[in-house]
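Hi,

Here is the structure I promised to pass on. Have a look, and my notes follow below.

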Amino acid sequence: MTENLMKNITFYRRFESDIVAGRKTITLRDKSDADYTTGDIVSVARYEDNQFFCHIKVNAVTPVSFHQLNQDHARQENMTLEQLKSTIAEIYPGIVELYMIEFMLCKA
Ligand SMILES: CC(=O)Nc1ccn([C@H]2C[C@H](O)[C@@H](CO)O2)c(=O)n1
């Protein structure tokens, strides 16, 4: 019998309030952190202390290059495009190939 293990993802603490309010509906990750499939229900915790704070449902996973990032991506991250690019550059210095994980909050 195969067990259906729930996947996990972490976000930096500073993004928790935007996620639980539904203001942040994508995250851009490197390949090692993008192993999600449409329909996955994912358990979300803070990166700093691994404290669970919600579940999300994955709506799509799409490759996107750093140079393609635009105002739509920024709006879905609840940031300006400048903030988004500098956040990505800080987390993943020099990265070109990203994966956009689109998600929606699962209401408890
Ligand atoms: C460990 C790790 O990389 N954790 C991450 C990576 C990204 N995020 C956030 C930051 C931005 O809002 C988007 C785009 O990368 O996702 C994060 O919270 N934690």
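Which residues does the UniProt annotation "domain: ASCH" cover? Residues 9-107, according to that unreviewed entry (UniProt positions are in the numbering used here, feature names are shortened, and annotations may be inferred rather than shown by experiment). Over that stretch the chain is 22% helix and 37% strand, with the end C-alpha atoms 17 Å apart (helices, H or I, at least four residues, and strands, E, at least two, are DSSP runs numbered from the N terminus).

Some housekeeping: this is a predicted model, so local features need pLDDT of at least 70 and side-chain atom pairs pLDDT 80 or more, while totals for chains, interfaces and linings use all residues. Residues are numbered from 1 along each chain as its sequence is written, and side-chain values use heavy atoms, leaving out hydrogens and water.

Now the ligand. Its shell holds 15 residues, with Tyr-12, Lys-24, Thr-27, Leu-28 and Glu-77 the closest (a residue counts if one of its heavy atoms lies within 4 Å). Strand E1 (7-11), strand E2 (26-29) and helix H3 (81-91) each supply at least two shell residues.

The protein buries 92% of the 430 Å² that the ligand exposes when taken alone (Shrake-Rupley, 1.4 Å probe).

The unreviewed UniProt entry lists Lys-24, Thr-27 and Glu-77 under "active site". These span 54 residues in sequence, but no two of their C-alpha atoms are more than 7.9 Å apart, so they gather at one spot. Lys-24 itself is in the loop between helix H1 (16-20) and E2.

Cheers
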